[in-house]
Amino acid sequence: MPLNASIDVRGLGIQFHFDRQRRVLSPTLARIRRGGPAPWALRGIDLSVGPGEGVALVGRTGSGKTTLLRLLGGILAHDEGSLEVRGRVGTLLSPQAGLLGLLTGRENAELLGVLVGMTPRQARAAVEPIRQVSGLGESFELPVSSYSEGMRARLGFAVAAQQDLDLLLLDEVHEAMDHEFRAVVAERAEAVRAGGGIVVAAGHDHAVLATMCDRAVWMDSGGVSHDGDFHAVVDMYVSS
Amino acid sequence: MRYGRGRLTMVKWLLDPYAAAGVYLLLVAFVLDRPGDSAGLSLACAIVPFQLILMTVLNSLSSVQSRRSIVVNLRFERALIPFSSAVAEAVGFVATLTLIVVMMIAYGVEPTAAVLWLPVLVATTFLVAVATAYPVALIGLWFPDTRPIMVSLTRAAFFLAPGVVALEQISDETSDWLRANPLTGLFEAFRSVFLYGHSPAAWQLLLPCAYALVTLALFVPLFRREGPQFAKLVE
């Protein structure tokens, strides 16, 4: 098993700055503009994940699951602590799945391929496998604005899964998928883990998470409440 | 995608600049019957590059928010966002160039060998548009309430340059001040090539390029530093 993927997080924290009208400010702007509150969305997070692990993030809405996934995916920057993520990362972190409504499924697949680092030629070559994995059929040639949330999630996942991944980060959107496609997601997650990669998935559908993860991290109020065996942690969370 | 799909795409692309700028041209050149040689062509030489700058400003002001679905889902080079705004508007800009051709025909102005400068003019205008896109995208993200003001300021920049009248028709003292506006060099470079039929003066290209390079040097690093915060701001 290649030891090419790892996550090592120590004392991780991220702060959100607000102005007096409760609009979010960037830290740069917060320095030059008198602001309002500056709460920590996450603070003191310690987490180590090794090759082959599948980790579920569970917890109430607003507990910090999505923010942690975005930090792991390099979409947000942390304000304190250290974060080391090794390996190529694939993400599916929003219901929109990074898709632009005016473009067709095919055009989105090409665009996202280029954005994640493929050459235009590689992105074009990846389109046909993406079409097949997504199972969208003729809808692949239609504008994404005509797609349901589940169809978007299918396409977003197919694009993310097409990359040569070491880490797969999923945030609830896989829960919008139908049962047929959930099996595809679980299969791909298993393949990533079998290849020495890591899967981190957040959500509220614990049955779905159980198909991809054997470990769970219970997040509460921006911190880690419990970390351990999937069923033990989920049982504690559900009965809390 | 702006012009949709299908057989009318090309027609809409070609008509768009006339809808956006043609009215100006008809009003000032023909209805107001302004004095001076080829007043409509002189105006077109200002309107054409200005359209790219204005449209890039409009696009850039909401460029990060309009790409929200990608910003919150993917790690990618955020500095591509303003650049892509300028590229998107450059497609319309190419169609706008036909305004100059139409005005040259209308005024019977024959092209000279100076038209070979066209690629340089297009490249300089595009460089200014790209450079402007970076600070504008940040302002649109940081201060969304100021977007209408930014558009008004951009329009004001047109009138603080020799847009409606050529630089040679403005007093020396005032024209010296107007040269500090990067739009002045662009407008006059287009006039040099298409109206006067000679090569543009060095300052007409160098001043806009200097503005663009200084702006890029200042704002691209700032934009890249802010990039990891965008997912917070567009939520």
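This is a predicted model: local features need pLDDT of at least 70, side-chain atom pairs count only at pLDDT 80 or more; totals for chains, interfaces and linings use all residues.
# Notebook: chains A and B

**Entry 1, the contact.** I began where the two chains meet: the contact takes 25 residues from chain A and 15 residues from chain B. I count two residues as in contact if their C-beta atoms, placed from the backbone, lie within 7 Å. On the side of chain A that touches chain B, the elements giving two or more residues are α1 (27-32) and β7 of chain A. α1(A) gives the most to that side, with 3 residues. By class, that side of chain A has 16 nonpolar, 8 polar and 1 charged residues. Here Ala, Val, Leu, Ile, Met, Phe, Trp, Tyr, Cys and Pro count as nonpolar, Asp, Glu, Lys and Arg as charged, and the others, Gly among them, as polar.

Residues are numbered from 1 along each chain as its sequence is written, while chains are lettered from A and ligands numbered from 1 in the order in which they are written. Helices (H or I, at least four residues) and strands (E, at least two) are DSSP runs, numbered from the N terminus.

Next I followed an open sheet of 6 strands in chain A, in the order β7-β8-β9-β5-β10-β11, with mixed pairing. Two strands pair if DSSP finds at least two bridges between them. Why do β7 and β11 of chain A count as edges? Each has a single partner strand, so one side of each is left without a neighbour in the sheet. The twist averages 15° from one strand to the next. For such angles, axes are lines fitted to C-alpha atoms (for helices over the stretch in contact), and values run from 0 to 180 degrees between N-to-C directions.

I then looked at single pairs. β5 (residues 54-58) and β9 (residues 198-202) of chain A pair in the parallel sense over 4 bridges, and A:A56 stands opposite A:A201 in β9(A). Helix α6 (residues 179-194) of chain A packs on the sheet and touches β5, β8 and β9 of chain A. The direction of α6(A) makes about 140° with that of β9(A).

A:V89 stands opposite A:L167 in β8(A). Which way do the residues of β7 (residues 89-92) of chain A point? A:V89 and A:T91 point one way, A:G90 and A:L92 the other, and all are buried. Buried is 20 or more other C-beta atoms within 10 Å of a residue's own, exposed is 12 or fewer, and partly exposed is in between, with C-beta atoms placed from the backbone.

I found another open sheet in chain A, with 3 strands in the order β4-β1-β6 and antiparallel pairing. β4 (40-49) and β6 (80-86) stand at the edges with a single partner strand each, so one side of each has no neighbour in the sheet. Neighbouring strands are turned by 20° against each other on average, direction ignored. β1 (residues 6-15) of chain A is joined to β4(A) by 6 bridges, and A:I14 stands opposite A:L42 in β4(A).

Helix α4 (residues 120-134) of chain A has 15 residues and reaches 20 Å from its first C-alpha to its last, close to the 21 Å expected at 1.5 Å a residue. The expected span is 1.5 Å times one less than the number of residues. A kink of about 35° lies at A:V127, shortly before the proline A:P129. I take the bend at a residue as the angle between axes fitted to the seven residues ending there and the seven starting there. The buried residues of α4(A) are A:A123, A:A126, A:I130 and A:S134, and their cover includes α3 (105-115) and α5 (149-162) of chain A.

In chain B, helix α10 (residues 202-226) has 25 residues and reaches 36 Å. α10(B) bends by about 30° at B:L216. Its buried residues include B:Y211, B:F219 and B:F223. What covers the buried residues of α10(B) includes α1 of chain A.

Most residues other than glycine have a negative phi. A:R22, in the loop between β2 (17-18) and β3 (24-25) of chain A, has phi near 65°. Is A:R22 buried or exposed? A:R22 is exposed, with 8 other C-beta atoms within 10 Å.
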